[in-house]
Amino acid sequence: MKIAVHNLLSCGGCDPVFFLEESPEFFRKAEVIFWNKVKDETLKVFRKIPDQGIEIGFLCGAVKSPEHEEVVRLFRRKCRTVVAVGACALWGGIPGLLWIRKEGPRPLSSLVVPDLSIPGCPPEGSTWTVYLQGLLSGRPPGPSEEPVCQECPRDRHPFRLSDFKRFPETEPESRGCYLSLGVFCAGAVTQKGCGARCLRAGYPCLGCYGPPAGLTARGERLLSAMVSALVPQKATEALKNWRDPAGSLYRFDLATHPLVRKGKCGRSD
Amino acid sequence: MRKIRLETVSRIEGALSLEIKVDSRDNLAGISWKTDLFRAFESLGVGRPLEEMPFLTARICGICAEAHHLASLQAAEEGLGISPPEGIRKIREAFGLISWLRDHLTVLLLFSGPDLESFPSPDSLSWLEKTGLWDLFLENRKHLRRMLEIVGGRGHLALGGIPGGWGKKISSEERKELGERNERVLLLARKTWELYWEKTVSQPFLWPVQSPLVALSPEGSEVLVLPPGKNKPLRFPLSRFYETLVESEEGSFLKRINLPPFGAYLVGPLARFYLFPSPDFPLSREAHQALKNIGEPDLSRASLFRAYEVLWAAERLKHLLPELPINHSLSFAPLKPVRKQGLGAFEAPRGLLLHHYTFDLDAVIKTVKIITPTAQNLGVISDCVPRFWPYWPLTEEKNLLFEIQRFIRTFDPCVPCMVHLLRNRSPRDSSPEKEGQRKIF
Amino acid sequence: MKPRIIGFLCEWCAARALENLAFCHPELPVGFQPFRINCTGSLELEVVIKALTEADGVLVAGCPPGECHFREGNLRAGLRLKALKRVLSALGEDLRRLRIIWLSSGEGERLGEEIHKFYRELSLEDRGS
């Protein structure tokens, strides 16, 4: 099986996980046509490959420059299956926060339609396996319908809030749901699949796996939920103390926000 | 005048392209670097809560995420006036060592391995297959990922560090597992060292270093600077060193760092070797001795020093693991900064890494400055290309490009890391007059 | 281009106010597009965002404090929209584009005035004709 791997605007952290750790068997059987981490071939060589000549092309990262756009279109032409990997490719990722200052990267899906989208920053090894096995057996999976809360070890119960908190302001050994402690934990609006790793390491969910299937406007929904839990008398004060609204709601997907897409967002300094 | 273009420097972390101008007599007329990996972390960090910085900055680089995570934690903690307890420090050291091992082994076996062969070199995969280390390498990537997962909670892009503490607890079974896996890592470390020693030691010196070597002192409070030709390093407080640095733009978006009055300087395994004390562990002590005897610092052997560090890190880890606290209690630092700024430093696999933040009283970030190892080495790379130019095979373009790439790869450059310069917004502008005003001594 | 203002009017107050106003055959500015909703408390923030991408401005009109048919829908909506304004300002959005007013069903004339005022503030009045 011929494969190609390329990093667009990315940190380069998505691809080694799978090929070197999770499923080296797949990697060994595959014939790597193009991957600048291991081969000297340049795009020049890649351009000469006949259309549809590669079985699977993996693209990680977001799109910013004309060169990125060219590579994405080239991949779509040369590869029978295009797999978009990671939060940057799917929703712009953390660099998408640059849209606050009017200029940021776009997700890959704004240019071409990928055949498979593997979520995560980075996708956990097990996620790679689930998605890729599905693809190879002819049933490529989509996003899960269930949120990270399904995998979270913390205790859930109904709650009201008198204040918003940042996670280091909570009781360190507390076992309670971060939302109930007033922290903007993105778990409820993020699809499961990661095993709630951040929550098992003391962090709240920061939302890197993206929205569960069918959920739109996850940032606004999280905001609605949190504000609705506020005791009205304390609400004004709580909202005043809330830090970094854009970052806590759209950490990984600001680039896909409707206001950004319409060019109606962003301030110049 | 002709131009030689290299679309992508292969087998490095990130995408970097080169354009070399050569005059009619084959003299080098200019070299320019280009990358479109600009993600401006120095800009997108502004306005973020301080406690999220270790998580966010780990996303600067998918290869050395752990280094950014640890440097960022330290910068945050300096600002908050917190120093974590001994046990937490040990966990962090172990975390850093595991990431060193994964990074160095990947660079040695996947990126720079084929450079040990003469031109035209095979690709990494067939080279690894030939050395017989392929299976052991893949097995160890798995071990190392699992080890990072045990210590930090996530096998990739670093997690676990929270200002004032460490969020992932380690159980006694997990600690045992770490030890078992590290034995396999040590095996690969030994084999890698032997392979590199055998292939490198007999080669002639090619690229002697003529720049100062710089590393963070082992206890972390000072920076050691060894000017060329000297035996004894100069010592400077970390903050003084940071304040002296001058940054400028090289090519498009690439950050270059100079240290007045020296100019370009070298960080990384080679610098560390000449600046750090010799180790106490059997295998790495032997390797250290052997390396001491081969002579002056030479860039063509940089990989050998990297291989030595793999050996050292695996042995250090072996001694450190039994000391890791079991199921430590969690603690968070109060988000009340005692200073308006914080500076964090970590010896990343590629060399000295600095994170500097300023923040408001609520611990929300106002400015971010990140000085990466590659940005510091870029000056040496740029200055060396003209020096070594006459020795490269100029008539055969493919061969020339291979030699240049091989040279660049000895620095183990990391492109995603070094492109965070904010154009025209740098507080430390690099006009020559300003550079003249500031000196480390 | 014609201006466009989307209004979300609570059926228990603002929507009735608009009906009452209609009896007086008032002149409303071009491009005002009212939507009847059953309570401002049922207005999803997602819809507000969508409206902001489509229109020049969004007007949300609900019952005065303490007069909500569902007891505290207007209170909740007020908080949510206030929070949304913080988000919009963090995103660099022009906050004048989202306007929230509270009025009862008898205040038709005031509604008309508010609509005109909104157009004036966004400098949309001249674009209409």
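This is a predicted model: local features need pLDDT of at least 70, side-chain atom pairs count only at pLDDT 80 or more; totals for chains, interfaces and linings use all residues.
Residues are numbered from 1 along each chain as its sequence is written, and chains are lettered from A, with ligands numbered from 1, in the order in which they are written.

**Helix H1 of chain C**

I looked up helix H1 (residues 14–23) of chain C and found C:Ala14, C:Ala15, C:Ala17 and C:Leu18 buried; helices (H or I, at least four residues) and strands (E, at least two) are DSSP runs, numbered from the N terminus. Seen down the axis of H1(C), these buried residues fall within an arc of 155°, so they line one face of the helix; the arc is that of the directions from the helix axis to the C-beta atoms. I then noted that they pack against strands S1 (5–10), S2 (32–37) and S3 (57–62) and helix H4 (108–121) of chain C, where contact requires C-beta atoms, placed from the backbone, within 7 Å.

**Where chain A meets chain C**

I next checked helix H8 (residues 218–228) of chain A, which packs against helix H2 (residues 45–54) of chain C at an angle of about 135°, with the axes 8 Å apart. That makes H8(A) oblique to H2(C), since angles under 35 degrees count as roughly parallel, over 145 as roughly antiparallel, 65 to 115 as roughly perpendicular and the rest as oblique. Axes are lines fitted to C-alpha atoms, for helices over the stretch in contact, and angles run from 0 to 180 degrees between N-to-C directions. On the H8(A) side I listed A:Glu220, A:Leu223 and A:Ser224, which meet C:Leu45, C:Glu46 and C:Ile49 in H2(C).

**A sheet in chain B**

I traced an open sheet of three strands in chain B, ordered S11-S12-S13, with antiparallel pairing; two strands pair if DSSP finds at least two bridges between them. Strands S11 (341–348) and S13 (365–371) of chain B stand at the edges, each with a single partner strand, so one side of each is left without a neighbour in the sheet. Between S11(B) and strand S12 (residues 351–359) of chain B I noted eight bridges, and B:Leu343 stands opposite B:His356 in S12(B).

How values were computed
Two residues are in contact if their C-beta atoms, placed from the backbone, lie within 7 Å. A residue is buried if 20 or more other C-beta atoms lie within 10 Å of its own, exposed if 12 or fewer, and partly exposed in between; C-beta atoms are placed from the backbone.
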